[in-house]
Amino acid sequence: MEMGMSVRKTSWVVAVITALALMFSSLFGLSADAAAQTKGDQVAAYAQTLKGKPFKWGGTTTKGFDASGFTQYVYAKSVKVNLPRTSADQFKKGKDVKLKDLKPGDLVFYKTNGKSVSFVGIYVGKQQFIGATSNGVRIQSMNLNYWKTKYVGAKRIVN
């Protein structure tokens, strides 16, 4: 009789300790993630889930994106921010960011037509951006000569 009682007590104590440990670890995990993930991080992370989606001139959905259709879609879905439809109009939004101060989620702009802002991507860190290129949604190095020579500037839309 006595032995059965101690086994029940022991398993109850183990269950309570396990439950408390799980509760505290998940609470700690959530608060650490929430603190680390800025809105810009959310934008960059969501954008990367669309890698490989096709390019489509004038495209604004997962069936096919053009550059500004992609950034508009990502901002709307990830952080509920409405951006204008064209890259030139998106370039008029947000606050200017220097190249060395870029953070994930910032918009990076290029003159791919040689005249005016005609391409936009989303900075993802490590001198890379994700955008709807003619080969579909891809991560690109900003250090490639093609992008380096056409860079116009960057804007921070969310913090």
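Tutor: Let's start in the middle. This is a predicted model, and the largest nonpolar core in it has 32 residues.

Student: Which residues touch the most other members of that core?

Tutor: Phe 70, Val 108 and Ile 122 do.

Student: And which helices and strands each supply at least two residues of this core?

Tutor: Helix H2 (39-48), H3, strand S4 (107-110), S5 and S6 each do. The largest share comes from H3, with 6 residues.

Student: Okay, what is Val 108 in contact with, leaving aside its neighbours within four places in sequence?

Tutor: Quite a list! Among its contacts are Leu 102, Phe 119, Val 120, Ile 122, Tyr 123 and Phe 129. Further along the chain, Val 108 also contacts residues including Met 142, Tyr 151 and Ala 154.

Student: Back to H3. How many of its residues are buried?

Tutor: 10 of its 13 residues are buried, so H3 is mostly covered. Among the buried ones are Ala 67, Gly 69, Phe 70, Tyr 73 and Val 79.

Student: How far apart are the end C-alpha atoms of H3, and what span should we expect?

Tutor: They are 18 Å apart. At 1.5 Å a residue, the 13 residues of H3 (residues 67-79) should span 18 Å, so the two agree.

Student: What comes just after H3?

Tutor: Lys 80, which takes a positive phi of about 55°.

Student: New topic: what's in the loop between S5 and S6?

Tutor: Lys 126 is found there, between strand S5 (119-125) and S6, and Gln 127 has its place in that loop too. Neither is a glycine, yet Lys 126 has a positive phi of about 50° and Gln 127 has a positive phi of about 55°.

Student: Is Lys 126 buried or exposed?

Tutor: Exposed, because its relative accessible area is 74% and the cut-off for exposed is over 50%. Gln 127 has 42%, so it counts as partly exposed.

Student: Last one: how do S6 and S7 pair?

Tutor: Strand S6 (residues 128-133) and strand S7 (residues 136-141) pair in the antiparallel sense over 6 bridges. A hairpin joins S6 to S7 through 2 residues.

Student: And which residue is the bridge partner of Gln 128 in S7?

Tutor: That's Ser 141.

Note on methods:
Residues numbered from 1 in each chain as written. Predicted model: local features only at pLDDT ≥ 70, side-chain atom pairs only at ≥ 80, totals over all residues. Heavy atoms only, no water. Helix = DSSP H or I, 4+ residues; strand = E, 2+ residues; numbered from the N terminus. Expected span 1.5 Å × (residues − 1). Buried < 20%, exposed > 50% of the residue type's maximum accessible area, 1.4 Å probe, protein only. Pairing = 2+ DSSP bridges. Core = buried A, V, L, I, M, F, W, Y, C linked by side-chain atoms within 4.5 Å. Contact = heavy atoms within 4.5 Å.
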